[in-house]
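The chains are shown next.

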Amino acid sequence: MALNAKIPEGPLKDKWQNYLAKTHIVNPANRKKLDIIVVGGGLSGGGAAASLAELGYNVKVFFFQDSARRSHSVAAQGGVNAAKNYKNDGDNVYRMFYDTIKGGDFRSREANVYRMSEVSVDLIDHMVAQGVPFGREYSGYLSNRSFGGVLVSRTFYARGQTGQQLLMATYQAMMKQVKVGTLKQYKRHEILDIVIVNGKARGIIARDLDTGKIERHAAHAVVFGTGGFGKIFYLSTLAMNSNGSANWRAHKKGAYFANPSWTQIHPTALPQAGEHQSKLTLMSESLRNDGRIWVPKKKDETRAPGDIPDEDRDYYLERRYPAFGNLVPRDVASRAAKERMDAGHGVGPLKNAVYLDFKTAIEKLGVDTIRERYGNLFTMYEKITAINAYKEPMKISPAAHFSMGGLWVDYELQTSIPGLFAVGEANFADHGANRLGANSLLQASVDGNFILPNTISNYLSNEIRAGKISTDTPEFEEAEKAVKEQVEKLLAIKGTMPVDKIHRRLGKIMFKEVAMSRNEKGLKWAIEEIKKLRKEFWENVAVSGDQNGPNSELEKAGRLADYLEIAELMAVDALNRKESCGAHFREDFQTEDGEAMRDDKNFMYSSAWEWENGDNWKLHKEPLEFTEVKPTVRSYK
Amino acid sequence: MKLTLKIWRQENAKTKGKMVTYEMSDLSQDMSFLEMLDVLNQSLAIKGERVIEFDHDCREGICGQCSLVINGQAHGPESHYTTCQTHLRSFKDGDTLYIEPFRANSFPVIRDLKVDRSSMDKIIQAGGYISSFTGMAPEANAIPIHHDIAESAFDSAACIGCGACVATCKNSSAALFVSAKISHLAKLPQGKVEREERVQWMINAHDEEGFGSCTNTGACAMVCPQEVQLIDITRMNFEYNRALCHSKE
């Protein structure tokens, strides 16, 4: 199938309005005859579920948590961007669009990015109306802060819990529709496959995680708001149960996977403390507004951070990037930290961290201001590390965080399977090769609340005569059978390797060769290691218990089985792209001073991979055309 | 370090549960409490034994999915922590720990340490929202909200819905949880339109779901990971009485 991004006609700034003017919509009386399955109850999935239910469609929403309020959007801390220009600092939709395109190193789809910036303005209105207690000035008007990669203040925030507050608003909107009866929730359900009938997505196979029952659910369209797959690194900022399985199953049924290797490694997470560790807690990027990042100039520095005078400190971001300083984008900050640590300047017992220091800010602004801005983050830091960051600098380290890649979607957010849509982090187009801070909450929310409800109707307007979709068909039968077989296969292995141990090993391979810095030799090595590990998994994984009830080991094993395949595609994608762009840094393609070297002549495209039986993929290229901006060397110096 | 764990094992809500003892050694003080359970589960999985089911997800104290009562305290010994933020440095080498699920009639056990907290969702469904549809909203800065009101609304809105307040309350009341949502929305101008219906619907749902009444002991606020304040319960009572006085009937 040839890729058709379906970008509307007209100048960039008019495309979305032109689309809205011409798209087909569904008569309110017909909406209640149409069933939609939404997978994922977070900001994107939940926003879609609530908004579609408000329109009168019959919506079923599935999520593995025990309440949609626990979806991982909850953990986003710093904020959400919008081009409101409340600060009178020269912000506007175009500037936000340009910052995002540049932040993504000219590897995102122009029309999508412009639309996201355009709709950002409505999103803040929407979230305020839903009761989000955003931070405010003493005048009573909304307050803003700045985030990495931009020169204006366009980030709206609710202390360091912005994701939680936006998610609560979305969750409450969902609960309102549950009460009305247009939305039905299936909690503690995991999606194990998608069902295609006559080339269209017509339903899913889900497992009830409490009873173990395998269920069939049919609909006229399926929406994935399934998030990212950064947990593939095992140690990451993601939730323990975040996974890539739904996306991967869809991929194996025909959905193209775009730019899978572009993972954002977040510069400010807590460093790993030991082998037992299960999670790297994120410390919001907003901390870089007031915190200064440094390492000791001396390699084997033994003094406590407070005893090291300024002349013996290397504020390496301020030194290398004077224009943006501590607020360079995440990929740049992470790579710079890695460079210093590799050169032997890392701090902490494992030498795997750098300092994030608030001394200057506390002296200038006072401890109370810092507490109001970041209090909960300092508390969280102290709970985990037993260190008071008002008194000594935080120790931070890069950690796997966000998947810029995901299911390939067109302008309507439809995947290459008709009837299957992907919203939020699960899709790809908006962030290019590097996502800017506070654009994640934005993209998830606008996809779910404002974009999808307007694009899915174009598809559903052709479905009004389809009638109820039956689950009693050979396609459902076959999909269910395959799912059951896999569950039985996993339980029958009875090996000696716990799931977590294999996952940890996969994570090590990925973090070593498919993370911040890549090269051809390392990627080829990674592919071989992943294949070996996959074989070992299927021969020797230890999954105890049975399938007739809750079995967390079985859940984890199923997710890891998919990760072991996703990992290979990530390495294949990274190997194919012989250039450096954003988070994808190829050591074999860098400038003399160690900056990324893009190759616009040969790689100005998004890679969309098609699954071919076995472990083979076919590459489709979606050329990226820039009509409004001229791709330049991305410099933050 | 070494610890003796006495962990509640229960097949499902209909069967009886019991404490089972597990000896743990070679533990590190820097390990989180749940990482210790990970290690224990790995050893059970290798032996082919059913693992201990427990709830967890974000492991950074914000999703509210983790639970557990450790030595009689919801979310463990440190005040205002979640279980996932609890580390082994909070215990002494050789300690015996009793690990149980959140216990309340409204939280039936699913298996072992996992409980069903759907009852809390049902309270929110009853009225814990603002009935604004996507697309309806006016310009965000049209309604100024005093800085301190917004901050105070945030303090209530910060609730993570974990249910530790219920597990701690001798009456298994969810008053702190309900009052946090009522206060959050009643403090904001956007939420004031529906304040009277909301408080009545939510309190009725709270009682229908089998939660007990509040007798102002205050144990809930002592354990709340988000430090939701007891005064929210006072605000809830005020809102309830106000609603009765303002009844449109």
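Domain bounds, as used here, come from an automatic or database domain assignment. The model is predicted, so local features need pLDDT of at least 70 and side-chain atom pairs count only at pLDDT 80 or more, while totals for chains, interfaces and linings use all residues. Residues are numbered from 1 along each chain as its sequence is written, and chains are lettered from A and ligands numbered from 1 in the order in which they are written.

## Domains of chain A

Chain A is assigned domain 1 (266-399) and domain 2 (474-603). Between the C-alpha centres of domain 1 of chain A and domain 2 of chain A the distance is 30 Å. Six residues from domain 1 of chain A and six residues from domain 2 of chain A form the contact; two residues are in contact if their C-beta atoms, placed from the backbone, lie within 7 Å.

On the side of domain 1 of chain A that touches domain 2 of chain A, the largest share, five residues, belongs to helix α9 (residues 330-345) of chain A. Helices (H or I, at least four residues) and strands (E, at least two) are DSSP runs, numbered from the N terminus. By class, that side of domain 1 of chain A has one nonpolar, one polar and four charged residues. Ala, Val, Leu, Ile, Met, Phe, Trp, Tyr, Cys and Pro count as nonpolar, Asp, Glu, Lys and Arg as charged, and the others, Gly among them, as polar.

## A helix crossing in chain A

Helix α13 (residues 474-493) and helix α16 (residues 552-576) of chain A have axes that come within 10 Å and cross at roughly 110 degrees. Axes are lines fitted to C-alpha atoms, for helices over the stretch in contact, with angles from 0 to 180 degrees between N-to-C directions. α13(A) is therefore roughly perpendicular to α16(A), a term for angles of 65 to 115 degrees.

V487(A), L490(A) and L491(A) of α13(A) meet L554(A), A557(A) and G558(A) of α16(A). Of the residues in this contact of α13(A) with α16(A), five are nonpolar, one is polar and none is charged.

## Chain B

Chain B is assigned domain 1 (3-111) and domain 2 (117-245). The centres of these two domains of chain B, taken over C-alpha atoms, are separated by 29 Å.

Strand β1 (residues 3-9) of chain B runs antiparallel to strand β2 (residues 18-24) of chain B, joined by seven bridges; strands pair if DSSP finds at least two bridges between them. R9(B) has K18(B) in β2(B) as its bridge partner. Four bridges join β1(B) in parallel to strand β5 (residues 96-100) of chain B, where I99(B) is the bridge partner of I7(B).

Methods: Angles under 35 degrees count as roughly parallel, over 145 as roughly antiparallel, 65 to 115 as roughly perpendicular and the rest as oblique.
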